[in-house]
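These are my notebook entries on a structure that I looked up for the first time. I set down each point in the order in which I checked it.

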Amino acid sequence: MTELRQARPADAAAVRALTREAYAKWVAVTGREPLPMRVDYDEAVLNHRFDLLYEDDTLAALIETAVEPDHLLIVNVAVAPAFQGRGLGKLLLAHAERLAVAGGHAEIRLYTNILMAENIALYKRLGYRVDREQPFGTSVQVHMSKAVRT
């Protein structure tokens, strides 16, 4: 059974654990822990919206969003390795698009590391466009956006 619910402060440790597990494969690619692995989730859960996707009582995936004045920002999408390849990331991205529309936003945005090519390809397949590439420390962030219907 699939359940989607909003995170509470008590979920911060589970959010941290899932995010670290989901992003672990990128350490070898990027040469460092990706930004989502280094976030203080006790604070993030208080400041952003986290929607948690459970499969049979197991936290399988999550999406973190932040409301900006003119768009909804997807801060983090994480799917546990055991659940990858099942379309859960796509399901959560579609959920974020519905949140954007419900909030009156005509655009949804996200950013990712340029070395995470499979993620960029997925976002492009889902209708996101590359807006710009921006240096970020020792890496490059790819900023992407998608128009959503309000």
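Entry 1: a loop. In which loop is Asp57 found? I located Asp57 in the loop between β2 and β3; strands (E, at least two residues) and helices (H or I, at least four) are DSSP runs, numbered from the N terminus. I note that this is a predicted model, in which local features need pLDDT of at least 70, side-chain atom pairs count only at pLDDT 80 or more, and totals for chains, interfaces and linings use all residues. Residues are numbered from 1 along each chain as its sequence is written, and side-chain values use heavy atoms, with hydrogens and water left out.

Asp56 lies in that loop too, between β2 (49-55) and β3 (58-67). I read a phi near 50 degrees for Asp56 and near 70 degrees for Asp57. Most residues other than glycine have a negative phi. Asp56 counts as exposed because its relative accessibility is 54%, and Asp57 counts as exposed because its value is 74%. For these classes, buried means under 20% relative accessible area, exposed over 50%, and partly exposed in between (1.4 Å probe, protein chains only).

Entry 2: salt bridges. I found 10 salt bridges in the structure, each being a side-chain nitrogen of Lys or Arg within 4 Å of a carboxyl oxygen of Asp or Glu. Arg16 pairs with Asp42 at 3.3 Å, N to O. This pair links distant parts of the chain, with Arg16 in helix α1 and Asp42 in helix α3 (residues 41-47), 26 residues apart. Arg16 is partly exposed at 27% relative accessibility, and Asp42 is partly exposed at 47%.

I next looked at Lys25 and Glu118, whose closest N and O atoms are 3.2 Å apart in a salt bridge.

Is Glu107 buried or exposed? I recorded Glu107 as buried, because its relative accessibility is 18%, whereas Arg109 is partly exposed at 27%. Their side chains form a salt bridge of 2.8 Å, N to O. Salt bridges with shared partners join Asp70, Glu107, Arg109, Arg129 and Asp131 into one network.

Entry 3: the largest pocket. I noted a volume of about 880 Å³ for the largest pocket. A pocket is an open set of points on a 1 Å grid over the protein atoms alone, where a 1.4 Å probe fits, with protein on both sides within 12 Å along at least five of seven lines; lining residues have an atom within 4 Å of a point. The volume is the space filled by probe spheres set on the points, which are joined across faces, edges and corners.

I counted 42 lining residues, with Tyr23, Trp26, Val77, Asn119 and Tyr123 nearest the centre. Which element gives the most to the lining? I found that β4 does, with 7 residues. Among the other elements that supply at least two residues each are α1 (12-23), α5 (117-125) and β7 (139-147). By class, the lining has 24 nonpolar, 10 polar and 8 charged residues. Here Ala, Val, Leu, Ile, Met, Phe, Trp, Tyr, Cys and Pro count as nonpolar, Asp, Glu, Lys and Arg as charged, and the others, Gly among them, as polar.
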